[in-house]
Amino acid sequence: MRQTTFDVRVWSVERYVGKRATSYRVTWFVAGRRWKSVFRTAAAADSFRSELVAAQRKGEAFDIESGRPVSTIRGSVSRLTWYDFACRYIDMKWPDASPNHRKSIAEALASITPVLLTIEVSTDEAQAARSALYNWAFNTRRRGTPEQPEDVTALLDSLQRHARPLRDLQQPDVLRLVVERISTRLDGQRAAGRSTTLKRRILSNAFSYAVELGVLDHNPLTTLSWKTPRTAGTVDRRAVANPDQVRALLDAVRNTPRSGPHLVAFFGCLYYAALRPEEAVALRPFDLDLPDGDGWGWITACRAAPEIERQWTDDNTRRSTRQLKHRSRGESRRTPAPPALVALLRHHLATWPCGETDPIFRGERGEALSSLTYRTIWRRARNRALTAAQAASPLAARPYDLRHAAVSTWLSAGVPAPQVAEWAGHSVEVLLRVYAKCIDGGVDAHLTRIQATIGEATTPNGGAPVGRKDTEDHSDPTTTGQDENSP
């Protein structure tokens, strides 16, 4: 049942003079929530405002979800277009969605809108439409604001006029076009399985919302025969560095000019404590429990600060502090800090002191640490510490791979899976599915045990006895590790 209210306030028409055109805006409030519609002419704006005022004077209830008088939405549900529905869905999801999820929703909906028009559009026109939708129409905070360019407003008005009815999605041929579009990149190549699966999940949720509104009879995706693309669900063992390689990489970071020295402890948190980058960026001094002398310490991760474009955050910042990934607000987890990490953190805090409530890791000038900064330092360190063959391989290609190395090291050391899952912030099921392999040298150890069991005198290769590969031998980049799709 729809929620309605009589708490309605309608403002006067606002005239906005832009560089190329003049627009007219009608603003009204329903139960304290602000609504706005933009018109190209004063007459259209006055007419729309008059309808709102007339409904208010007649004592008519207003729909809280759409902001319109109940009489205007009765019988209009079946005529709801894809464009209007997409904006409505975005507005419904916006308050509770993370900035990254808001961006993903906008990308998914913008990618299919060009095929849900009643007119044909060229490739260039489709690209312009996607840009306008992604940056403005499908952004609740920016849509219809004075900052919206006039050419974008004109383009969005055209898209709104030519949008197909939402009920057309129940036609198999239309739905096939939609599914084909989310499976294809802008250059015409097939999209990655992970990207396609995410967009399909978002569309399925949107269609379920349309069923809830009564626009669709059922979720059309549930009746479509379509094979979901396969996605990589395990670690690529080529990407995970062994302990000696990580130590060489951290030394290279320390010797990298400018930002390198004050990021050694940051990368150490990723490797020794298996923190995600957004968790390490959000660390405060009171999150650390370090011993006075040598020994193990503890780190309590209780927040994350993922980096995202400012347009998707509520406070217009690039990092939005949130709860830990896959955890409820207020939850935390403790992870051990070995003596090597304790030493790195103590040196960092002594060299670059900060307030008790300030982030431990910041940029060179004291600003929020940017992912561009630490990715650049990591790339330079790889080139200094690794051979040309290894640098061209997936070995520790991303800072996130240090976390993979940490979890793999714990598992190969014999730490029980439930304990590793607790420290890493995974479920046991995800841990065993994704981190099923071990760091470099684990396979050789297994082969040695098998050889001893079957009583063979020679190695499987027919040569020298099988043993751990010398970590200084960098001739074969394919023997070094693993990767994961960031669980």
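These legends describe close-up views of one predicted protein model.

Local features need pLDDT of at least 70, side-chain atom pairs count only at pLDDT 80 or more, and totals for chains, interfaces and linings use all residues. Residues are numbered from 1 along each chain as its sequence is written, and side-chain values use heavy atoms, with hydrogens and water left out.

**Figure 1. Overview of the fold.** The protein has 18 helices and nine strands. Both are DSSP runs, numbered from the N terminus: helices are H or I with at least four residues, strands are E with at least two. Of its 487 residues, 47% count as buried. Buried means under 20% relative accessible area, exposed over 50%, and partly exposed in between (1.4 Å probe, protein chains only). Contact means heavy atoms within 4.5 Å. Of the contacts with a separation of 6 or more, 67% join residues 24 or more positions apart.

**Figure 2. The largest nonpolar core.** This core has 60 residues. A nonpolar core is a set of buried Ala, Val, Leu, Ile, Met, Phe, Trp, Tyr and Cys residues joined through side-chain atoms within 4.5 Å. F266, F267, C269, I299, L345 and F361 have the most contacts inside it. Helix α10 (residues 264-272) gives the most to this core, with eight residues. A second, separate core has 49 residues, including W136, V174, A206 and L213.

**Figure 3. Surroundings of C269.** Residues up to four places away in sequence are not counted here.

**Figure 4. Helix α15 against helix α16.** The axes of α15 (residues 400-412) and α16 (residues 417-424) come within 10 Å and cross at roughly 155°. Axes are lines fitted to C-alpha atoms over the stretch in contact, with angles from 0 to 180 degrees between N-to-C directions. The two helices are therefore roughly antiparallel, a label for angles over 145 degrees. α15 passes α16 in a right-handed crossing, with the near helix turned clockwise from the far one by less than a right angle. R403, V407, W410 and L411 of α15 meet A417, V420, W423 and A424 of α16. By class, this contact has seven nonpolar, no polar and one charged residues.

**Figure 5. V428 in helix α17.** V428 is found in α17 (residues 428-434). Its relative accessibility is 35%, so V428 counts as partly exposed. V428 and P418 are ten residues apart in sequence and 5.8 Å apart in space, C-alpha to C-alpha. Leaving aside neighbours within four places in sequence, V428 is in contact with A417, P418 and A421.

Key:
Parallel < 35°, antiparallel > 145°, perpendicular 65-115°, else oblique. Nonpolar A, V, L, I, M, F, W, Y, C, P; charged D, E, K, R; others polar.
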